[in-house]
Amino acid sequence: MCSMINERTAVSGGGKGPQGWFPVDYVSVGYDHPVFVPREHAITIDFANESAGPGARVAVELTPESARELIATLQTALDKGTALRLP
């Protein structure tokens, strides 16, 4: 059964595709049947630039376990970077 779970939010950053770096302005995160990952369900993450069209997109599929590890690792890196209080 398809969950069709998809969340989207605005972001400010960059992604690297076949043509090089491009600005990204949103990320879409889903939980559904993957295309590549050999699992029943996976987390899909798409960073994209809406105005630049479908070529300005970086897509990732992760197992749910890997997605949880990514969340924890992101939080650790943010905490360490914030603690430095660099200008």
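Modeller: In this predicted model, a strand is a DSSP run of E covering at least two residues, and strands are numbered from the N terminus.

Biologist: In which strand is Asp32 found?

Modeller: Strand E2 covers residues 20-32. Residue 32 falls within that range, and Asp32 is accordingly found in strand E2.

Biologist: How far from Asp32 is the nearest side chain of opposite charge?

Modeller: Asp32 is buried yet has no salt bridge. A salt bridge requires a side-chain nitrogen of Lys or Arg within 4 Å of a carboxyl oxygen of Asp or Glu. For Asp32, the nearest side chain of opposite charge belongs to Arg57, at a distance of 12 Å.

Biologist: Which backbone nitrogen lies 3.0 Å from a polar atom of the side chain of Asp32?

Modeller: Two backbone nitrogens may be considered here. That of Ser3 lies 3.3 Å from a polar atom of the Asp32 side chain. At 3.0 Å from a polar atom of this side chain lies the backbone nitrogen of Met4.

Biologist: In what order do the elements of the protein run from the N terminus?

Modeller: The protein contains 1 helix and 4 strands. Helix H1 spans residues 64-84, whereas strand E4 spans 57-62. Read from the N terminus, the order is β-β-β-β-α.

Biologist: Which element gives the largest share of the lining of the largest pocket?

Modeller: The largest pocket holds about 350 Å³ of space. Strand E2, strand E3 and helix H1 each supply at least two residues of its lining. The largest share, 6 residues, comes from H1.

Biologist: How many charged residues does the lining of the largest pocket have?

Modeller: Among the residues that line this pocket are Val27, Ile45, Phe47, Arg68 and Leu74. Val, Ile, Phe and Leu count as nonpolar, and Arg counts as charged. By class, the lining has 11 nonpolar residues and no polar ones, and the number of charged residues is 1.

Biologist: Why does Gly55 count as exposed rather than buried?

Modeller: Gly55 is placed in the loop between E3 and strand E4. A residue is exposed over 50% relative accessible area and buried under 20%. Gly55 is therefore classed as exposed, because its relative accessible area is 58%.

Biologist: What distance separates the C-alpha atoms of Gly55 and Trp21?

Modeller: Gly55 and Trp21 are 34 residues apart along the chain. For scale, the C-alpha atoms of the protein fill a box of roughly 50 × 30 × 20 Å, taken along the principal axes. The C-alpha atoms of Gly55 and Trp21 are separated by 11 Å.

Methods. Residues numbered from 1 in each chain as written. Predicted model: local features only at pLDDT ≥ 70, side-chain atom pairs only at ≥ 80, totals over all residues. Heavy atoms only, no water. 1 Å grid on protein atoms, 1.4 Å probe; cavity = no way out; pocket = protein on both sides within 12 Å on 5 of 7 lines; lining within 4 Å. Points joined across faces, edges and corners; volume = space filled by probe spheres on them. Buried < 20%, exposed > 50% of the residue type's maximum accessible area, 1.4 Å probe, protein only. Lys, Arg positive; Asp, Glu negative; His and termini not counted. Polar contact = N/O pair within 3.5 Å; in protein donor to acceptor, adjacent residues only side chain to side chain.
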